[in-house]
Amino acid sequence: MGEARTSVLAPATEQWDYGDFPYGLEPLVIPPCGYGAVATAQPADLLAVYEVERACIGAEPARDGAKPSSSDALYWFRWITGHQVTFLLWHLMGAHVKAIAAGRAADEATLTSLESYTHGYSAMLRYSGSCPVEVYQTLIRPRLYLQHRGFSGLWAADFAPLRRLLRGHDQPWMTGPGGARLAAAIATNLAAHEALADRLVSGGKSLLQERAPDTAVRPSARTTALFDNLFVTLRAPVDRDTVIAQLFRRLRAVRMDLVTNRLDPAGSDEDRLFDALRRVVASALTDRERLPH
């Protein structure tokens, strides 16, 4: 496996080049998924060039990188960008699951990719949810409420095809050592999700659970649009290279953040998170050729 496949931290240095300013956001453009989402023309001005991003993913950010203007700016950037990375991982996972449902064998390479993306999803749970509890309660949760008083992750269109898999339901194609590793990755993800909810959510109830008696809102095209809108996500029929380029671009931004700022105030070890990102990069480069378009 070549250097571009395995290294997220290479010798070169890299300055902040994401968004219009350090810790600014960028729109994510991802293919439509579920509920008859409207497909529009591919917006060329929002697309990264795959080869440029592939080359840059190995550059090491400068250690004296740009600082955020405030803790709110940092944690809002992590909340939105970490979720955007998750959506891209779900999209790549969904392509595998769809191909398996259509009759393609779940071979070792496929199971390895699904395992890598699941660990990447767990890493993004840590990254997105790295804010102190008071920041979640005073900055993030109120914005979710203002978007919709019953705002819910259940409205994420790209998660819907993966719900049974990522909730730990047995899949007949999860066999052999690769299937066992994927099952272990899913169990780790479920535990990470529960731990994050316990830490951030007062009383353990989501907005949807709190509002269930008077706001019973099922997933629909409208709730999907509300969900995407909060996370600066647009839907268009972009190609696989564009999906992967956007994934790499966001992983570079995450990396630039983490070499300057700690993951959380407790100083959690970031080595496992960086390792998960390396595995995501390797699998995405492989899947660029293997996944059906």
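Mentor: We will go from the overall make-up to single residues. Keep in mind that this is a predicted model.

Trainee: Fine. How many helices and strands are there in the protein chain?

Mentor: The protein chain has eleven helices and four strands.

Trainee: And what share of the residues is buried?

Mentor: Of the 293 residues, 52% are buried. The chain exposes about 13,100 Å², and carbon and sulfur atoms supply 55% of that area.

Trainee: New topic, aromatics. How many aromatic pairs are there?

Mentor: The count is 14 aromatic pairs. One of them is Phe-87 with Phe-227, a tilted pair with 5.6 Å from centre to centre and 50 degrees between the planes.

Trainee: Which parts does that pair tie together?

Mentor: Phe-87 is in helix H3 (residues 71-101) and Phe-227 is in helix H9 (residues 221-230), so the pair links parts that are 140 residues apart in sequence.

Trainee: Are those two buried or exposed?

Mentor: Phe-87 is buried, at a relative accessible area of 1%. Phe-227 is buried as well, at 4%. The cut-off for buried is under 20%.

Trainee: Which aromatic cluster do they belong to?

Mentor: Phe-87 and Phe-227 sit in one cluster with Trp-90, Tyr-121, Phe-151, Trp-155, Phe-159 and Phe-231.

Trainee: Which residue lies over the face of Trp-76?

Mentor: Arg-143 does, at 4.4 Å from the ring centre.

Trainee: I also clicked on Arg-252. Where does it lie?

Mentor: Arg-252 is in helix H10, which covers residues 240-260. Its relative accessibility is 1%, so Arg-252 counts as buried.

Trainee: Which residues is Arg-252 in contact with?

Mentor: Setting aside neighbours within four places in sequence, Arg-252 contacts Glu-14, Asp-17, Glu-53, Cys-56 and Ile-57.

Trainee: Last one, helix H11. How far apart are its end C-alpha atoms?

Mentor: They are 29 Å apart. Helix H11 has 20 residues (271-290), which at 1.5 Å a residue should span 28 Å, so the two values agree.

Trainee: Which residues of H11 are buried?

Mentor: Among them are Leu-273, Phe-274, Ala-276, Leu-277, Val-280, Val-281 and Ala-284. As background, an α-helix has 3.6 residues a turn, so residues three or four places apart point the same way.

Note on methods: Residues are numbered from 1 along each chain as its sequence is written. This is a predicted model: local features need pLDDT of at least 70, side-chain atom pairs count only at pLDDT 80 or more; totals for chains, interfaces and linings use all residues. Side-chain values use heavy atoms; hydrogens and water are left out. Helices (H or I, at least four residues) and strands (E, at least two) are DSSP runs, numbered from the N terminus. Buried means under 20% relative accessible area, exposed over 50%, partly exposed in between (1.4 Å probe, protein chains only). Contact means heavy atoms within 4.5 Å. Rings of Phe, Tyr and Trp (its six-membered ring) pair if their centres lie within 6.5 Å; planes under 30 degrees apart count as stacked, over 60 as edge-to-face and the rest as tilted. A charge sits over a ring if NZ of Lys or CZ of Arg is within 6 Å of the ring centre and within 35 degrees of the ring normal. The expected span of a helix is 1.5 Å times one less than its number of residues. Accessible areas come from the Shrake-Rupley method with a 1.4 Å probe; for residues, only the protein chains shown count as cover.
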